[in-house]
Amino acid sequence: MPELSYREAVRDALSQAMRKDDDVFIMGEDIAEMGGSMGVTQGMLDEFGPERVRNTPISEMALVGTAIGAAMQGMRPVAEVMYEDFLTLATEQIVNQAAKHRYMSGGQLKVPLTVRTQGGAGWSPGAQHAQQLEAWFVHIPGLKVLFPSTATDVRGLLWSAIYDDNPVIFFEHRTLYGLKEDVPEELEPIPIGKARVHREGEDVTVIATGRLVHESLAAAEQAEKDGVSVEVVDPRTLQPLDEETLVDSVKKTNRAVVAHEAVTRMGFGAEVAAVLQHQAFDWLDAPIERVGAKFVPLPFAPVMEEFVVPHQAEVYEAIMRTVGRNGD
Amino acid sequence: MAKVEKKGAVSEELLREFFREMLLIRRFEEKVEERFRAGELPGFLHVAIGQEACAVGVCRALEERDIIASTHRAHGHTLAKGTHPNEVMAELYGKLEGTSHGYGGSMHLYDVERGNVGANAVVGGGLPATVGAALAFKMRDEPRVAVAFFGDGATNIGTFHESLNLAQLWQVPAVFVCEDNHWAESTPAKQHLPIEDLTDRAAAYGMAAMRADGQDVEDVYQSAHSALDHAREGRGPVFLLLETYRLTGHYIGDPQVYRPKGEVEELRETQDPITKLREKLGLSDEEFEEADREAHELVEASVEFAKAGTDPKPEDALKNLYA
Amino acid sequence: MEAGTIVRWLKSEGDTVEKGEPLYELDTDKVTQEVEADASGVLLKILAGEGEEIEVGKRIAVIGEEGEEVADAADEAAVEVDEDAQEEGSPAPARDEERERGREASREAEPQAQETARSDGRIKASPLARRIARERSIDLASVAGTGPDGRIVAEDVERAAASPTPVHAPAGAAPLEAEVVPLTSLRKTIARRLTEAWQAPAFQISMSADMSRAQELHARLRDQGVSLTDILTKLAAVALLRHREVNAQFTDDELRIFPSAHIGLAVATERGLIVPVQREVERKSLVQIAAERKEIVQRTREGKLAQEDLEGGTFTISNLGMYGVEIFTAVLNPPQAAILAVGAIEEKPVVEDGGFVARPLMAMTLTCDHRAVDGAKAAEFLRELKMLLEEPGLAL
């Protein structure tokens, strides 16, 4: 099996789609010669040329809005918003336009748009360059939201996003770009709306996204040594959520921890906790724990940033709280 | 700034067609006002009384596969682009037979088959998509043009600037039609525009611009034709400024307390595009009344059609979320 | 705008009117403006006078064909949408019926209950129900559930606890949740020290109660495990709720009067005096109280009380009767406002109709914190208790 980094996996999905299909093209800031601020689109300008690998001005509304317009005409554009913090600039177009055209027209239109973006703390980027805003977009009817955490997943899901006829917000995580793994020889599309169980366990279910999937896997190893068996599940698709897999897992273990890098309060994890509480009420042996960032903007100084953002330790502690072994 | 030359004169036959269409829009809008006051039309409605020549002049210059995107004041554009008054009225009544099947209402009229990709309730919201549609036409080598309607108020918003910038940068086949009626809801031009000549806004982006008398349908038609040719032939997007007047309030029921006394009455006397065309064509009273009767009949029929239409089922609200 | 006044009619009855012609002048909160006619025809009838304030929606005139009959003004008012709205838009009153249909459909479409009772061995009970069951040592498997989805809820557990069939787990069986914290000697020391150090201005009042009727009641109920202590506890609860100032706690800065009687029972153990609390005594039957008392005394003697068993008491009863003590004064149990000390029941001569008869008397001494309770209130409470003991039927 070939080994690909997460970054290469994104590039591979984009390139394969563009080779197969003239209607697929990419646009974004600095994606052409520079190959993107995260190096994702390196080499693609040479292969596909400037018509299909388009640099845009710093103009997020027009960037995303133009992609919306092209999608409405049947193309499959993939717009890159350099940092998910800048999604805020394009939010009017995403929320008021892309998410609603199909509905407001009574089904006359499709918007097969993909907006790729990334975020992630841990390198002192400061408060405006590392937010995790998936909670904003899962809240909007009409959008699909994906957040893969491995190279295999990002490749298979990006393909599915491109070929889904609905607007998809596709979150990548900065700290995962270099993460390598063996991937299938052939690109295998992964269905949207299907969670993935990374690790099976009996005592606690940890539902995690993005970087926290890996932190949770490490925490699970740690908990194992303390005699606690942890199941780790990555929803991968945040909207529509694979409630069945998550609920089945919690019904098996009777305890749940929801972990994400985004701020805990009012986050995506709150919705998951509510769903679990409602559907697995009689299976819960402990309150559902949530792990996330503290409720402050991201500070610059490394010592403060590490305090705010969640890591393996927080997930481990949450796991132990659910089994009634806090302070052990 | 590149100048675009206007086309030659328009035949009388065509002008008569324009007259009938404008009159239809006028009677439609008046009927909408009446039905709104009778409490039959929910939501809010913005009628285009006074701006009929802009809608007809531009839409009649389009070719079959060109597309338009409209604003909150969309009835005129939608009718002029070819949607039957029955379907527009049914949409205002929220019926399944409406052009957006009851999902959109007055500010979200879509008729994709006829090239209307939607009215937009967010000022300037539809402009970027117009750039995108034009980009798609260019990338696929299709001789089609994407046209966006908007008002003078919209020339202040970010999407306007970003869209014109990108459209000109990428030389896409788009025409940006600005219906300058000198009011942004209740705010007069001098309170929201720091400049006098809106074509300067196009100049800022190096874009070709044209100007026409929005109350003269012939002038609008000729200018639109030229602008469309310019874009279609790959010479780049065009900003088309139409000087027009809003002969009613911003929304139905707007008491227009903000408008100088007598302004509306005076404009109705001197700037009504239908009156002007009637005079230009030298229509007799009989000819006018016959045309008016036809317009009234069509409009009355559309109300009957709408009222007899099918209400969506409550659960229909859950459909059409995803493709 | 909810109403306006017609300042002046610009047309009279019988006049021809053109659609769009000004018909009347309307005064609203904002402006006076001319209102145009919506239709052409003859102004057949004017229904609203000049200077009259009219509500929005009321019919004000009728325009029709010459010679047409005007229907009575009493029928259905025309729906007029307010011209001079403060805001854009209209809910379209003529469409209200549809809105009602939409709302109704939404109510009917509430999601179906998740599942009916599942037989996967898991008992469905709410967290609150589980806690109560744990506290009362009730086996959930024996409780029928009436809550959502057939779940056992708190009420179900309470009901099971009240039923005459034995409701607590067989002797020796551990409670559902073995979350018991044994008292450390430190805790006892603290409790003792607090009590000793406490310096409330206390007073005592005493009365004797004729326990004949109480003894009769006891005799009838003793096979069900009810003791005189239980009867006393229950009647004390009734009396407390009738004289709530005594059912109180006094702390540094506030007096808290409770709506429910949580009565502490002083229990002597090898390790010292411990006062576990029976909760909501007024709501429980004698049989329940008895069962609880046995259970809690057992646990007290075994050192298996939880902290919550000792907290929250609103009144305490101390009984040294079994030791032959006739009368004594108990020390207040802070922060409670009062404590009752009872002695042994002894046959004593009582004057009745000029002669002596023997009656079983029990001496009761009530100690009160004067900051919370004054003499009169204390006396009223004690008198009530005496009355109830002498005629338990009065507790109903």
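Across the interface of chain A and chain B, 19 residue pairs come out in polar contact, both partners at pLDDT 80 or more; a polar contact here is a pair of N or O atoms within 3.5 Å, where within protein one must be able to donate a hydrogen and the other to accept it, and residues adjacent in sequence count only if both atoms are side-chain atoms. On the chain A side, strand E2 (24–28), strand E3 (53–55), helix H3 (60–72), helix H4 (87–98) and helix H5 (101–104) each supply at least two of the residues that touch chain B. Helices (H or I, at least four residues) and strands (E, at least two) are DSSP runs, numbered from the N terminus. H3(A) gives the largest share of that side, 8 residues. By type, the side of chain A that touches chain B splits into 13 nonpolar, 19 polar and 10 charged residues, with Ala, Val, Leu, Ile, Met, Phe, Trp, Tyr, Cys and Pro taken as nonpolar, Asp, Glu, Lys and Arg as charged, and the others, Gly among them, as polar.

All of this comes from a predicted model, in which local features need pLDDT of at least 70 and side-chain atom pairs count only at pLDDT 80 or more, while totals for chains, interfaces and linings use all residues. Residues are numbered from 1 along each chain as its sequence is written, chains are lettered from A and ligands numbered from 1 in the order in which they are written, and side-chain values use heavy atoms, with hydrogens and water left out.

As for the extent of the interface, the contact (heavy atoms within 4.5 Å) draws 42 residues from chain A and 39 residues from chain B. About 3,400 Å² is buried between the two chains, and carbon and sulfur atoms give 61% of that area; buried area is the accessible area (1.4 Å probe) that two parts lose on being put together, summed over both. In chain A, the residues that lose the most area to chain B are A:Gln73, A:Tyr103 and A:Met104, together 21% of what that side buries. The rule also finds 1 salt bridge across this interface, a salt bridge being a side-chain nitrogen of Lys or Arg within 4 Å of a carboxyl oxygen of Asp or Glu. The pair in question is A:Asp23 with B:Arg140, at 3.4 Å, N to O.

Over all chains, the structure holds 75 salt bridges. In chain A, the side chains of A:Asp21 and A:Lys20 meet at 3.9 Å, N to O. A:Asp21 is buried at 19% relative accessible area, whereas A:Lys20 is exposed at 54%; buried means under 20% relative accessible area, exposed over 50%, and partly exposed in between (1.4 Å probe, protein chains only).

Chain B has its own examples. B:Arg114 and B:Glu87 form a salt bridge (3.8 Å, N to O). B:Arg114 sits in the loop between helix H4 (85–92) and strand E2 (116–119) of chain B and B:Glu87 in helix H4 of chain B, so the pair ties together parts 27 residues apart in sequence. Both partners are partly exposed, B:Arg114 at 33% and B:Glu87 at 26%. Another bridge links B:Asp197 to B:Arg211 (3.0 Å, N to O). Here B:Asp197 lies in the loop between helix H7 (189–192) and helix H8 (199–204) of chain B and B:Arg211 in strand E7 (residues 208–213) of chain B, so parts 14 residues apart in sequence are tied together. B:Asp197 is partly exposed at 23% relative accessibility, and B:Arg211 is partly exposed at 39%. Salt bridges with shared partners also join B:Lys31, B:Glu34, B:Arg35, B:Glu40, B:Glu300, B:Lys307 and C:Lys19 into one network.

Back in chain A, A:Thr41 is found in the loop between E2 and helix H2 (44–48) and is buried, with a relative accessible area of 1%. Leaving out residues up to four places away in sequence, A:Thr41 touches A:Arg11, A:Leu14, A:Ile26, A:Ile31, A:Gly35, A:Gly36 and A:Glu80.

Chain C contains 9 helices and 17 strands, and buried residues make up 38% of its 396 residues. In helix H3 (residues 154–162) of chain C, the buried residues are C:Ala154, C:Asp156, C:Val157, C:Ala160 and C:Ala161. They lie on the same side of H3(C), because they cover an arc of only 165° around the axis, the arc being that of the directions from the helix axis to the C-beta atoms. Their cover includes helix H2 (127–136) and helix H7 (286–301) of chain C.
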